[in-house]
Amino acid sequence: MVKENFVKMYETSIKDNWSLPAITNYNSGTSYSYSELGQRIMTIHLALERLGIAQGDKVALIAKDSAEWCAVWLGIVTYGAVVVPILPTFHPNDILHIIDHSDSRVLFVGDEHRKFIKIEALPKIEATLDVMSQKVLPELCRSTEAKALDPAQLFEEKYSGGFTKKDVAFPEISNNELGVINYTSGTTGFSKGVLLTLNNLAANVVFANRQGIFFPGGRILSFLPNAHAYSCAFNFLSPLAKGTHIYILGQKPVGSVLLKACKEVRPHTLISVPLIMEKIYKGVIQPKISKPSAKIALAIPGVNKIIYRKIGKTLMETLGGELNLFVIGGAAFNEEVDLFLKKTGFPYIVGYGLTECAPLVGYVDVKEYVPRSSGKGLDKDLVQIRLFEPEEENGKMVGELQVLGEVVCKGYYKNAEETEKLFTADGWMRTGDLAHLDNKGNIFLVGRSKSILLNSSGENVHPEHIEAKIAMLPYMQEAILVQRDNNKLVGIVTVDHAAIARDKKDLDQVLAENLKALNEMIAVHERVAAFEVLEGEFEKTPKESIKRFLYK
């Protein structure tokens with residue numbers, strides 16, 4: 001078990017950083033200091049206590065990201081209850097299913113989700129509170145006592161003489177206790193609530209602290225959903241444990257919005273998914289380096305270094321000018337973009353993790369990062385990794401990456417069958433990801449074991465790296481590889497119709513030229529027979545990964 005107690009980390013941080021800004025809603029400008037955050041947390045404690053919530057009881061949380069959302073999350077967990085954070089983009093039916101499936105007794109809800117919450121549809125919910133105001137919603141409560149609850153009044157009565165540092169006193173709760181049930185999907189058939197202990201969370205925060213990623217007075221711009229384990233750990237929990245100032249973007253991070261916010265916030269750290277950087281590269285950098293003059297200059301030794309560094313500096317300024325670290329995770333990163341960024345000196349790394357590990361498994365310092373890798377296994381006292389039954393593939397030993405250690409979850413809530421599948425007979429957690437390790441321990445992901453395609457000759461095809469190459473072709477946006485008749489490989493793609501029309505290109509010609517170019521870049525057994533154009537966009541997960549199973 002991690003020696004640092006998770007709950008006490010936040011009690012200490014609030015006291016140590018009392019007057020510093022803690023969390024700001026970028027859109028509205030509403031901001032809370034660490035002392036004000038402590039007040040909101042203690043108000044949650046008083047409300048849960050009055051409602052008769054015991055340690056270990058489940059409390060659901062559904063709302064858009066905000067400073068107030070973060071306060072509720074911390075209030076629930078530091079009280080000793082189990083938070084069930086629900087991704088706000090889930091379908092209403094899925095949200096209702098998760099609330100019921102999790103056995104939550106209390107619900108915290110935002111305005112945008114309140115409209116479809118019906119108390120009669122949630123028989124286990126006893127009381128519902130508003131995330132922003134922390135007020136009870138009487139129409140969504142069952143008992144007369146719950147309807148009459150006034151959390152603000154409870155706080156005023158408890159701290160009538162004023163709220164001070166000594167009043168921030170959280171319960172003694174062991175790291176062995178369950179802290180979060182994190183649902184990776186909403187629908188009944190796919191409900192897998194990952195059981196994360198306080199120890200799992202603490203291990204991630206402790207590792208971030210050891211790396212020196214966050215510091216008192218530092219700034220981070222959060223634009224990924226904090227209900228997801230990745231963002232929760234590194235946009236929210238780890239920064240708050242060190243006195244960092246979090247800015248919640250509060251809207252979809254489209255290019256213009258994100259870049260404007262970066263210039264205003266001037267973040268020291270950004271936690272991102274590959275899609276964000278890939279869009280910046282393809283929309284801003286690639287057009288410049290594709291010009292004939294740029295190609296010539298980049299081919300000249302010495303000159304190219306100057307150009308690369310200039311691009312890296314421009315990218316830094318675009319993202320606010322004070323960036324120390326840009327972390328990429330959540331999905332595979334495009335190889336072309338990865339290799340290019342490394343040459344510019346831009347301070348980034350690509351990590352690796354899963355919700356089942358709360359989430360981090362692989363990470364490495366910027367100076368040690370090797371392009372195309374996903375870092376190394378965390379410190380040995382936190383994580384151990386191994387390749388299970390590796391076999392030679394293209395001259396490298398490839399096997400399923402398996403994990404053991406402090407970050408590994410307990411399994412899935414009320415799902416013994418899936419929990420049993422998650423672990424090996426000797427207790428290691430199966431990731432489902434195929435990888436190979438170099439002689440320094442760097443993790444190189446090959447693909448998902450479930451995504452492997454078998455061509456007509458019986459050879460394995462890992463679709464992810466081919467899809468990444470398709471996405472970088474002219475006018476192409478995103479792609480997934482599937483199999484059609486006779487096991488032929490077909491790329492389902494989305495294209496930039498506006499750019500094709502602007503450049504007066506013929507779509508069929510673009511597809512034919514791109515197919516030819518692709519097949520010249522990949523192995524014979526990987527060659528793609530055709531492209532199929534998907535109108536609209538791919539349906540995606542909250543991490544912006546394509547829901548591959550929908551397009552088989």
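Predicted model: local features only at pLDDT ≥ 70, side-chain atom pairs only at ≥ 80, totals over all residues.
Let's start with helix H8, residues 198-211. It has 14 residues and reaches 20 Å from its first C-alpha to its last. That is close to the 20 Å expected at 1.5 Å a residue. Is H8 mostly covered or mostly uncovered? Mostly covered: eleven of its 14 residues are buried. Among them are Leu198, Leu201, Ala202, Val205 and Phe207. Asparagines are on that list too, including Asn199, Asn200 and Asn204.

What sits over those buried residues? The cover includes helices H1 (6-16), H3 (67-79) and H9 (229-241). Strands S7 (178-183), S8 (193-197) and S15 (360-363) are also part of it. After H8 comes Gly212, with a positive phi near 70 degrees.

Now the cores. In general, nonpolar side chains in soluble globular proteins tend to be buried together. Here the largest nonpolar core has 165 residues. Phe6, Trp73 and Phe108 have the most contacts inside it. H3 gives this core its largest share, ten residues. Apart from that core lies another, of 21 residues, with Tyr475, Leu489, Leu515 and Leu518 among them.

Next, the aromatics. The whole structure holds 13 aromatic pairs. Take Phe326 and Phe346. Their ring centres are 5.7 Å apart and their planes sit at 55 degrees, so the pair is tilted. Phe326 is in strand S12, and Phe346 is in the loop between helix H14 and strand S13, so the pair ties together parts 20 residues apart in sequence. Phe326 is buried, at 1% relative accessibility. Phe346 is buried as well, at 3%. Elsewhere, ring pairs link Trp18, Phe155, Tyr159 and Phe163 into a cluster.

Last stop, helix H10, residues 255-265. Which residues of H10 are buried? Val257, Leu258, Ala261, Cys262 and Val265. They cover an arc of only 130 degrees around the axis, so they lie on the same side of H10. The background is simple: an α-helix has 3.6 residues a turn, so residues three or four places apart point the same way. The face turned away from the buried side carries exposed Ser256 and Lys263.

Covering the buried residues of H10 are, among others, strands S9, S10 and S11 and helices H11 and H13. Just after H10, Arg266 takes a positive phi of about 55 degrees.

Methods
Residues numbered from 1 in each chain as written. Heavy atoms only, no water. Helix = DSSP H or I, 4+ residues; strand = E, 2+ residues; numbered from the N terminus. Expected span 1.5 Å × (residues − 1). Buried < 20%, exposed > 50% of the residue type's maximum accessible area, 1.4 Å probe, protein only. Contact = heavy atoms within 4.5 Å. Core = buried A, V, L, I, M, F, W, Y, C linked by side-chain atoms within 4.5 Å. Phe/Tyr/Trp six-rings, centres within 6.5 Å; stacked < 30°, edge-to-face > 60°. Arc of directions from axis to C-beta.
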